[in-house]
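Please read this briefing with the sequence and the structure side by side.

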Amino acid sequence: MSLIFYKSIAAIITFVVTVMAVFYPIRAKARAHLHHNHFLDFGDAFASGVFLGAALFHMLPEASGSFRQLFPDAHYPMAGLLCACGFILLLFLERLSISKTKNYATIPYVLAFIIIIHSFIEGAVIGINTSISALSVIFLAVIAHKGSEGFALSMAFNRATIAITPIVILIGVFAFMTPIGILLGTTASVILQAREAQIVTAAFNAFAAGTFLYMSTLHHINHHQRLHEAESLLEFWCLLGGLSVMATIALWT
């Protein structure tokens, strides 16, 4: 299977999963028909574990190894710095939204902005990578989280009683952002020289690892509803399950 074909299939599957995830909340706009889905939370917790494992066991180590190979005389932890930048960027955007406004109706818009940026980074990382094994790991992490992420975003819009038109527009942007990232990342991998492509790939992997870490930790904690401690513990085990899957995959990749 060629890389271009693989990335094209990844873009199509990601788009379809996103659209399917947001279809029900858009149709069920009436708030009376919206109920909190605890199974969604458990699935999202598992996906967060997949994100966490992808960042710690695959993307960040691969980026560190690439930087060491490209710059053998440099001892600064560049991968760690870029990872921290990705984490801090999403944290800053979310904290900015809370500190600058007390109007909670705007929170879904900021949440959409954060997730749209993250979706583009996800796609760019898939597109810029030239290793099937690396692509497979990242795609697994993205697709595991994309459905629950899109569903949760739609629910957030519905709870805020926002008109249907801006919801459809933002959901459309969200659905297309990862495929656009894949397209631009693939284009960059073709245009750049081998060494340049390695540097960009390592940088994107490290930066995206930071966004994965944020989405699987602070973002996961801040945007989940829990009715009792037993449910929180079950979410923890689901997250641990996702993390374990990625740890097991690391044995073969």
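Leaving aside residues up to four places away in sequence, Leu3 touches Thr130, Ile132 and Leu135, where a contact means heavy atoms within 4.5 Å. This is a predicted model, in which local features need pLDDT of at least 70 and side-chain atom pairs count only at pLDDT 80 or more, while totals for chains, interfaces and linings use all residues. Residues are numbered from 1 along each chain as its sequence is written, and side-chain values use heavy atoms, with hydrogens and water left out.

**Leu3**
- Leu3 lies in helix α1, which covers residues 3-27; helices (H or I, at least four residues) and strands (E, at least two) are DSSP runs, numbered from the N terminus.
- With a relative accessible area of 26%, Leu3 is partly exposed, because this class lies between buried (under 20%) and exposed (over 50%), using a 1.4 Å probe and protein chains only.
- Although Leu3 and Thr130 are 127 residues apart in sequence, their C-alpha atoms are 7.1 Å apart in space.

**Ser189**
- Ser189 belongs to helix α6, residues 164-191, and is buried, since its relative accessible area is 16%.
- Not counting residues up to four places away in sequence, Ser189 touches Lys7, Gly127, Ile128 and Thr130.

**The whole protein**
- The protein has nine helices and zero strands.
- Of the 253 residues in the protein, 46% are buried.
- Among contacts with a separation of 6 or more, 88% join residues 24 or more positions apart.
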